[in-house]
Structure formats: structure tokens, C-alpha cells
Amino acid sequence: MKILYSLLALCLISLGVTAGERKKQPKMASKSATNRVEYIIRGTVDNPDIKEMYLFDYDTRRGIDTVTVKNGQFEFKGQYSRPAYVRVENGRLYSNCILDSLVVVDFKNHRPESGSSLTEKYFGFLEADKQIGDELEQFSNELRAHGFEQPELGEIFSHLYNKLRPKFIELYIKTIMDNPNGVGEDALMKLGNFHKLSSDEWDSAYSKMPDYIKERELTKNFNDFFATVRNSQPGMPFIDFKGKTVDGKEAKLSDYVGKGKYVLIDFWASWCGPCKQEAEETLRPLYEKYKDNDKFMILGVATWDTPKRTLDALEKLKYPWPQLIDAGEAPMSLYGFNGIPMIFLIGPDGTILEREIRSQGIINAVDSIFNKE
């Protein structure tokens, strides 16, 4: 799947887990419950500096247990409210797995090495997902071997991806339906975070989910997320939020949008490599092409970043278009996206015309407007 995510992911920010949402010493989660499971998770740690390992529940975003590493070995053993999708971790060392009667984790591949019945089902799901991704990877390698380069490489790859896209979604939905357990929870995360999954696709999948999956916190979060996506689709009015200019003055998105111009909004961050690549390869040439057109502008919006880091990056990058900084995570919540770069095209009256456009798609969207005039 590496090539799929390298070409298609948008600095993925997972709804399942972020470093800032958990403590180094996790709390014990509640053990009141239904569908309880007795579990054993074992593993080997090669780093002598790691003294403890933590067990983390992706759905509740809470710690389940902490154990001490002895002679490079550790073992979690206990009961939990359900056969959850979990993460065994300490810093960058981690492995995902399902709470099962016995699991041995593999930190190199970030998955179980072996396990009992639920783990076997999990292996089947991971293999099916990998097979679809391998088809994309093989195709991409063949394109490169025949001398294809960007943007042609991306366009041809996207054509095949669009054909294979339903296979991913069908696999995730079927796995969710057949597995009211941690296997289904992982499929739920993959479905909810799937590249450009629409609100309609989510609603259709939700209608087929077993009660176990519908009761998950992840599902509730995705429901909220896709409700926001629905409110920021093309045809909907833009949603205002506050930020600052690079000079530190208070500003709002409405200071730039809905003022009679087509506005290409680039949600980006100083730490986001693909954001900078998109800006250099697509936005800067587009700016040069239309900089004298008084009906068009590009607006950068620094998202999930600190003002200092943004300003330091702008000093080096020297983007010639205006910037709205210090917006925090508000744009992500209001516009329903969890990865950047995220690029919207807004019409002169403030109506959203396009969302989630990238590379050649950005150029096509802007060119089509002015080629008609």
C-alpha cells in the first residue's frame, strides 16, 4: 500500500489517534461491559531504553494498560469490555492488533506476527486490502519503467485508482458487516479516512453497519465529520472563520471571500511537505499566469500550525499570494477535512465551486472559468 498512500494521501491526520490526544502514562480504561474478552499480548523489544509498553484503544482514545519490559520481553494479560482494535506502543515503536486470546506483535511490520482466531480473521482482511494496493503499486512501477513522468503518470494512475476505488470500499463495508469486533473497527477506520469518501458513500455504509460498530465512538465521530463535509460541498456557501494577517492583525476569511473574485484557498501548514510541493509545482505557476487578473486570487490559510512556524516558513518560501495565519484547527472542523493540502475554489459570491482538488485538477478548474469568458 505504500505507493497508494504516497501518491494519494494528503498528509493524513487520522481521526483514530494523534500524539497530543494521549498521555505517556495511559489511564486504565473502564472495564464495565458487554462482550468481554480475555486477552494476552506478547512481544519483544530490542531497544534497552524502553522500559514500559502501553496498550491503547483506538476507539475510545484511552489507555487500557501499562506493563514493564523485562529482559526485552513484555506481556499484557487481562480482560476488556470488547475485542477491540488496539495499539501496543512506546513512542515510535508500535504495532496494531486485535484483543485476542493470544497475540504476538511485530513492531517491524506494525501488525501481529501470530495470534488466535480473531487475529487470523484480521490477517485475512489485511491481505485482501494489500492485494488491491499491490495492483496499484505494480501498475505505477510499470508506468515508471516505461518512462512516464508527472503529470501524465498521476493522471494515468488516477484513472486506474478510480476503477479500483470501489473494491476498497466494498472490502471495508463487507469486513465491517461480517466482524462486530476489532477487525471491523479497523475496517471502519480505513473506510472513514478513505481518500475522498463522500457523505453519500458514508451514509450508505452506515446503514449496513451492525449495532456493535454503530455504537463505537469512531462511528459517532465519523458521522459528525461527514455531516460537516455535507455542509461544505460544492454549491454551499463558504463558512467564515477568524485568523490573522502576517502582520498580526485580526482577519476573517470573509475579508477575502465573497468580494467578487474567484478565490483559490490553499489550506496548508509549515510542516507539510506535500503542501509545499503543491504550492511550488501548481500554485506558483498558476499565480504567475493569473496575477494580473483582477477576478482571481490565491489565498493561503495556515492550518494546524503555530504563527511562529508559519511565519518562519513564509520567510523562506516567499509565497507571493496573501496569507491568513493562526487559524488553528477551525478550518478542518468547519470544512470537514482531516488532511492537507486541502484546496477549495470559491466563486465571486462566496459559493463553494470545488473542494479537494489537486495538481492538474486545480489548473483545470481555474482555466475552465476564464476560458469561458
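Helix 7 (residues 217-230) has 14 residues and spans 20 Å from its first C-alpha to its last, close to the 20 Å expected at 1.5 Å a residue (the expected span is 1.5 Å times one less than the number of residues). Helices (H or I, at least four residues) and strands (E, at least two) are DSSP runs, numbered from the N terminus. This is a predicted model, where local features need pLDDT of at least 70, side-chain atom pairs count only at pLDDT 80 or more, and totals for chains, interfaces and linings use all residues. Residues are numbered from 1 along each chain as its sequence is written, and side-chain values use heavy atoms, with hydrogens and water left out.

**Exercise 1.** Find which residues of helix 7 are buried.

*Solution.* Buried means under 20% relative accessible area (1.4 Å probe, protein chains only). Next, look at their cover: it includes helix 4, helix 5 (199-206), helix 6 (211-214) and helix 10 (330-335).

**Exercise 2.** Work out how helix 2 (residues 117-145) runs relative to helix 4 (residues 182-192).

*Solution.* Start with the axes, which are lines fitted to C-alpha atoms over the stretch in contact, with angles from 0 to 180 degrees between N-to-C directions. They come within 9 Å and cross at roughly 25 degrees. So helix 2 is roughly parallel to helix 4 (angles under 35 degrees count as that).

How values were computed. Parallel < 35°, antiparallel > 145°, perpendicular 65-115°, else oblique. Buried < 20%, exposed > 50% of the residue type's maximum accessible area, 1.4 Å probe, protein only. Contact = heavy atoms within 4.5 Å.
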